[in-house]
Amino acid sequence: MDWDWSFAWSIMPQLLAGVRITILATILGAAVAAVLGLVFAILRRSPNRWIARPTAFVVQFIRGTPLLVQLYFIFYVLPDIGIRLPALAAGVLGMGLHYATYAAEVYRGGIEAVPRGQWEAARATNLTARQTWVHVILPQAAPPMIPAMANYLLAMFKETPLLSAITVLELMNQARSAANFSYRYVEPMTLVGVFFLVISLISVAILRWLERRYARRT
């Protein structure tokens, strides 16, 4: 099938709308993953085994099941028990929860890299647990974690086409809709690849800069 530039340009607004949803889902999912990942990491470090062990089990269970299955469960199964979420919200929650388990390991590594003396110094100065985490531990643990977290952000972006399975109108779903309507697949699917490639290359360039920026601190 020959390439049709007029058709490619005609579907561009539809694909750009999908790009916006894709980027929005990635950013919101990353925010959920960052927050929940920190919660998981802190709970797993709890001296109370009744907190640490169930948290570890939940993290391993989520990491051990496919993201697509989790998205189906959130969007199609939870309504059976009265929990209904819009497609985009379900997608953001699913991706955020899934990648939070990976972010938790990044947090754990960064936290454990903080010298033990910093914890002891915080206790010696009578800092509360909150003050210790906010003002002593996390500021030192965060810089080495940035490149790894950026890697997971890029991975999450590449997995956004899975959201089409729960009717989110992201880039892949928009391209598929245009292709099914016109019975032309070359232009929509090629443009999807181009969009993902361009955004990924930009993200990789930023990632490399972050790795160089924080290389000395890792």
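**Notebook: helix H5 and its neighbours**

I began at the contact of two helices, where Val59, Ile62 and Arg63 in H3 meet Leu97, His98, Thr101, Tyr102 and Glu105 in H5. Sorting the residues of this contact of H3 with H5, I get four nonpolar, two polar and two charged. A reminder to myself: this is a predicted model.

**Entry: the geometry of the pair**

How do H3 and H5 pack? I looked up the angle, and helix H3, residues 49-63, packs with H5 at about 120 degrees. Their axes are 9 Å apart. That makes H3 oblique to H5, because angles of 65 to 115 degrees would count as roughly perpendicular and those over 145 as roughly antiparallel. I also checked the hand of the crossing of H3 and H5, and noted it as left-handed.

**Entry: His98**

His98 sits in helix H5, which spans residues 87-113. Is His98 buried or exposed? Its relative accessibility is 7%, so I put His98 down as buried, the cut-off for buried being under 20%. Then I asked which residues His98 touches, leaving aside its neighbours within four places in sequence. The list reads Ile62, Thr65, Leu67 and Gln70. Ile62 was already in my notes as one of the H3 residues that meet H5.

**Entry: Ile111**

I stayed in helix H5 and moved on to Ile111, which lies there too. Ile111 has a relative accessible area of 1%, so this residue is also written down as buried. What does Ile111 contact, once neighbours within four places in sequence are left aside? I found Arg45, Trp119, Trp133, Ile137 and Ala141. I also looked up a C-alpha separation here: Ile111 and Gln140 are 29 residues apart along the chain, and their C-alpha atoms are separated by 8.2 Å.

**Entry: stepping back to the whole chain**

I finished with the overall picture. How many helices and strands does the protein chain have? I count nine helices and zero strands, and the pattern along the sequence is α-α-α-α-α-α-α-α-α. Along the principal axes, the C-alpha atoms fill a box of roughly 70 × 45 × 25 Å.

For burial, 38% of the 218 residues count as buried; His98 and Ile111 are among the buried ones. The chain exposes about 12400 Å², and carbon and sulfur atoms supply 66% of that area. Last, I looked at contacts between residues at least 6 apart in sequence: 77% of them join residues at least 24 apart.

How values were computed. Residues numbered from 1 in each chain as written. Predicted model: local features only at pLDDT ≥ 70, side-chain atom pairs only at ≥ 80, totals over all residues. Heavy atoms only, no water. Helix = DSSP H or I, 4+ residues; strand = E, 2+ residues; numbered from the N terminus. Buried < 20%, exposed > 50% of the residue type's maximum accessible area, 1.4 Å probe, protein only. Contact = heavy atoms within 4.5 Å. Axes fitted to C-alpha atoms, helices over the stretch in contact; angles between N-to-C directions. Parallel < 35°, antiparallel > 145°, perpendicular 65-115°, else oblique. Left-handed = near helix turned anticlockwise from the far one by under 90°. Nonpolar A, V, L, I, M, F, W, Y, C, P; charged D, E, K, R; others polar. Areas by Shrake-Rupley, 256 points an atom, 1.4 Å probe, with all protein chains shown as cover.
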